[in-house]
Amino acid sequence: MKIAVIGIGAVGSVIARELKKLNHDTTLFGRTAKEGFTILENGEKHHYPYRIENVHAYEGKTFDLIFIATKATALQTLSRTTPAMSHGNTEIVLCQNGMGFDDFFDSAVPAVVYISGQKHEDMVEHFQDARLLVEDRSYIHLDTLIKDLSQNDEMELEIQKSKNFIRTRYEKLLINLGINSLTALSGNTAKIFDLESVVGVTRALLEEGVAIINQEQTIIDPAFVNTALSVYKSYNREMGTSMYYDVTSGARAEYAFIQKYLHQQKGDLKTPVLDMVVTLLEAYQYER
Ligand code: NDP
């Protein structure tokens, strides 16, 4: 099988490292060409000397499976590049937080990502997990890979089919809605959930999110709000979120695919906290 991994950052380098262990023809792509990447894990650094090609200058073979592990903000641009890398039944696995980008691609396979890491200047720090959840249906190429991954004891990457993928995806969206918004807009790490005022605003924000998602049918149990708040409190107090790191470093944030994605579906619902969060994130991103 011919596999491509595009975006060799925190998530993509773990996927790339794992897929390179298998007996498939795997090509790695970044924004620019370079030699290899380094992962820091369990206190040890390991360099993987795999060539990374420039995805925007690539004129080569087509692929059966393409994993895209860039930020969601790069997807629109990449959707103009992937047709030249695809044949009639290429499957494109989207490894992003957020929603609202599946339609950019002809054959998208959205994945909920459980790979926790952070990209530094010269390496990627992999904290924990190496798991992707996808919809429970049959796939032409991805099924072969799922089987290979499950039969190989050396593999850390798992790709699992979720029985209720819509709910799984919305739950991850809500987890991101709460903690990404509050850490990014306060410019502080998960320790902010020590503050009852922060917990109160986050609860209100999550309740608005649940109401938007459940407008036509109950997809999310309203008790999920308590689960999300407990998850935030269980995080390492110094842990940031990807939106926190984006905002504190002046980078573009993925808010259009998380906060704004929900906001665009609010209909007649009153969502004062989400309105404010979207306004502030929009203002952050304005002319950036
Ligand atoms: P990173 O910023 O660490 O990595 C993104 C990579 O994509 C970078 O190496 C970047 O290169 C590359 N890239 C950017 N634009 C392009 C392009 N046009 N073509 C090819 N490569 C490109 O992001 P993450 O890995 O952290 O995040 C990826 C997705 O996973 C996001 O949606 C995030 O929300 C989600 N996620 C992240 C988690 C985490 O713990 N990090 C956890 C769960 C989900 P360059 O640096 O040169 O710009």
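Let's start with E287, which counts as exposed because its relative accessible area is 71% (exposed means over 50%, buried means under 20%, and partly exposed is in between, with a 1.4 Å probe and protein chains only). E287 sits in the segment after α9. Its phi is near 55°, a positive value in a residue other than glycine. N42 has a positive phi too, near 50°, and isn't a glycine either. You'll find N42 in the loop between β3 (34-41) and β4 (44-54), and its relative accessibility of 76% makes it exposed.

A quick word on where this comes from: the model is predicted, so local features need pLDDT of at least 70 and side-chain atom pairs count only at pLDDT 80 or more, while totals for chains, interfaces and linings use all residues. Residues are numbered from 1 along each chain as its sequence is written, and side-chain values use heavy atoms, leaving out hydrogens and water.

## The overall build

The protein has nine helices and nine strands (DSSP runs numbered from the N terminus: H or I of at least four residues for helices, E of at least two for strands). Its C-alpha atoms fill a box of roughly 50 × 40 × 40 Å along the principal axes. For 288 residues, a compact globule would have a radius of gyration near 19 Å, and the protein agrees, with 19 Å (the radius is taken over C-alpha atoms, and the globule rule is 2.2 Å times the number of residues to the power 0.38).

Of the 288 residues, 50% count as buried. The protein exposes about 14000 Å², and carbon and sulfur atoms supply 47% of that (areas come from the Shrake-Rupley method with a 1.4 Å probe; for residues, only the protein chains shown count as cover). Take contacts (heavy atoms within 4.5 Å) between residues at least 6 apart in sequence: 64% of them join residues at least 24 apart.

## Two nonpolar cores

In soluble globular proteins, nonpolar side chains tend to be buried together. Here the largest nonpolar core has 36 residues, and L174, F193 and Y232 have the most contacts inside it (a core is a set of buried Ala, Val, Leu, Ile, Met, Phe, Trp, Tyr and Cys residues joined through side-chain atoms within 4.5 Å). Helices α4 (165-186), α5 (196-213), α6 (224-234), α8 (259-263) and α9 each supply at least two residues of this core. The largest share, eight residues, comes from α4. Apart from this core lies another one of 34 residues, including A16, L22, L28 and Y139.

## Some buried residues

L133 lies in strand β8 (residues 124-135) and is buried, at 10% relative accessibility. Not counting residues up to four places away in sequence, L133 touches P110, A111, V112, Y114, Q160, S162, F165 and T168.

N176 is in helix α4 and is buried, with a relative accessible area of 6%. Beyond residues up to four places away in sequence, N176 touches N97, S181 and I258. Then there's T241, in the loop between α6 and α7 (242-248), which is also buried, at 7%.

## Charged pairs

Side chains of opposite charge can pair when their charged atoms come close. This structure holds 17 salt bridges (a side-chain nitrogen of Lys or Arg within 4 Å of a carboxyl oxygen of Asp or Glu). K21 and E18 form one of them, at 2.8 Å from N to O. K21 is partly exposed at 33% relative accessibility, whereas E18 is buried at 0%. Both belong to a network of salt bridges that links R17, E18, K21, E41 and E156.

R237 and D194 make another salt bridge, at 2.6 Å from N to O. This pair links distant parts of the chain, 43 residues apart: R237 is in the loop between α6 and α7, and D194 is in the loop between α4 and α5. R237 is partly exposed at 41%, and D194 is partly exposed at 49%.
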